[in-house]
Amino acid sequence: MSGADAAARREELVALYKEVSKCTKCPLHETRTKTVFGAGNADADLMFVGEAPGAEEDRQGLPFVGRAGQLLNELLVEIGLSREDTFICNVLKSRPPNNRDPLPTEIAACEPWLWEQVRLIEPRVVCTLGNFATKLLTGNPTGITRVRGTPQVQQLGSRTVYLLPIFHPAAALRTPAVKEQLRADFATIPALLERELPGPLPSAAEIAEEEAREEAAEQPPPADQLGFFGDAG
Ligand code: URA
């Protein structure tokens with residue numbers, strides 16, 4: 001991407017950050033200390049999407065600065081990357097009290113910010129960390145244990161990306177076997193970043209049009225083309 005284009009997108013991202021910091025679209029604005037917009041490289045090829053800020057993130061206004069964030073940093077170093085190469089954010093930009101699960105109404109209020117972030121950053125690979133981010137960005141309710149580690153081509157707004165669902169690092173901190181699976185999934189990221197991106201996926205209207213065309217082509221030919229002859233009598 002050209003420098004001028006990246007600079008313009010970065011400026012828009014800064015404007016978006018300012019908007020998010022004032023957001024009152026859900027009641028979480030009453031209990032948060034700071035919004036947590038996300039941080040990192042505004043032109044990153046690799047983006048991570050977590051669930052929601054925890055206590056330390058809420059205090060600092062930065063994503064993944066607690067123990068889960070430390071593990072994320074370690075795993076990035078193991079694959080030759082650092083946080084500065086990536087953009088890290090969450091589905092929710094405000095902390096749910098006592099770290100409870102995000103509510104569907106909160107996700108619905110907050111998700112337009114995430115779509116805007118994807119549009120402006122233009123990542124090639126989006127790693128969803130855990131169930132909430134994975135279900136939202138795949139549009140599929142299948143749980144993380146079943147889908148982790150297999151990249152999917154996904155259309156996120158106007159952007160076609162490889163979406164790689166992986167375990168949340170907080171789950172990896174609780175269970176050593178999960179940590180090893182997370183490490184194995186991280187090891188696939190460098191090759192995925194090199195893989196050529198497919199073009200935009202067809203829209204629902206384009207798929208319907210193509211199906212109608214195929215159906216029309218499958219109509220049996222008229223009888224006079226079938227080589228039938230009239231009654232022998
Ligand atoms: N867990 C998350 O999902 N996000 C953070 O920013 C921190 C912990």
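Predicted model: local features only at pLDDT ≥ 70, side-chain atom pairs only at ≥ 80, totals over all residues.
The protein chain is divided by the domain assignment into domain 1, which covers 6–201, and domain 2, which covers 202–233. The C-alpha centres of domain 1 and domain 2 are 47 Å apart.

Helix α4 spans residues 104–121, and its 18 residues reach 25 Å from the first C-alpha to the last, close to the 26 Å expected at 1.5 Å a residue. At Cys 110 the helix α4 bends by about 40°, and a proline, Pro 112, follows within four residues. Cys 110 is also one of the buried residues of α4, which include Glu 106, Ile 107, Ala 109, Trp 113 and Leu 114, and among the others listed as buried in this helix are Gln 117, Val 118, Leu 120 and Ile 121. Just after α4 comes Glu 122, a residue that takes a positive phi of about 55°.

Around the ligand lie Gly 50, Glu 51, Ala 52, Glu 57, Pro 63, Phe 64, Asn 90 and His 168.

| Residue and atom | Ligand atom | Distance |
|---|---|---|
| Glu 51, polar backbone atom | oxygen | 2.8 Å |
| Ala 52, backbone N or O atom | nitrogen | 3.0 Å |
| Asn 90, polar side-chain atom | nitrogen | 2.7 Å |

Taken alone, the ligand exposes 240 Å², and the protein buries 90% of that area. In general, the accessible area lost when parts come together is often used to give the size of an interface.

Methods
Residues numbered from 1 in each chain as written. Heavy atoms only, no water. Domains from an automatic or database assignment. Helix = DSSP H or I, 4+ residues; strand = E, 2+ residues; numbered from the N terminus. Expected span 1.5 Å × (residues − 1). Bend = angle between axes of the 7 residues up to and from the residue. Buried < 20%, exposed > 50% of the residue type's maximum accessible area, 1.4 Å probe, protein only. Near = heavy atom within 4 Å. Polar contact = N/O pair within 3.5 Å; in protein donor to acceptor, adjacent residues only side chain to side chain. Areas by Shrake-Rupley, 256 points an atom, 1.4 Å probe, with all protein chains shown as cover.
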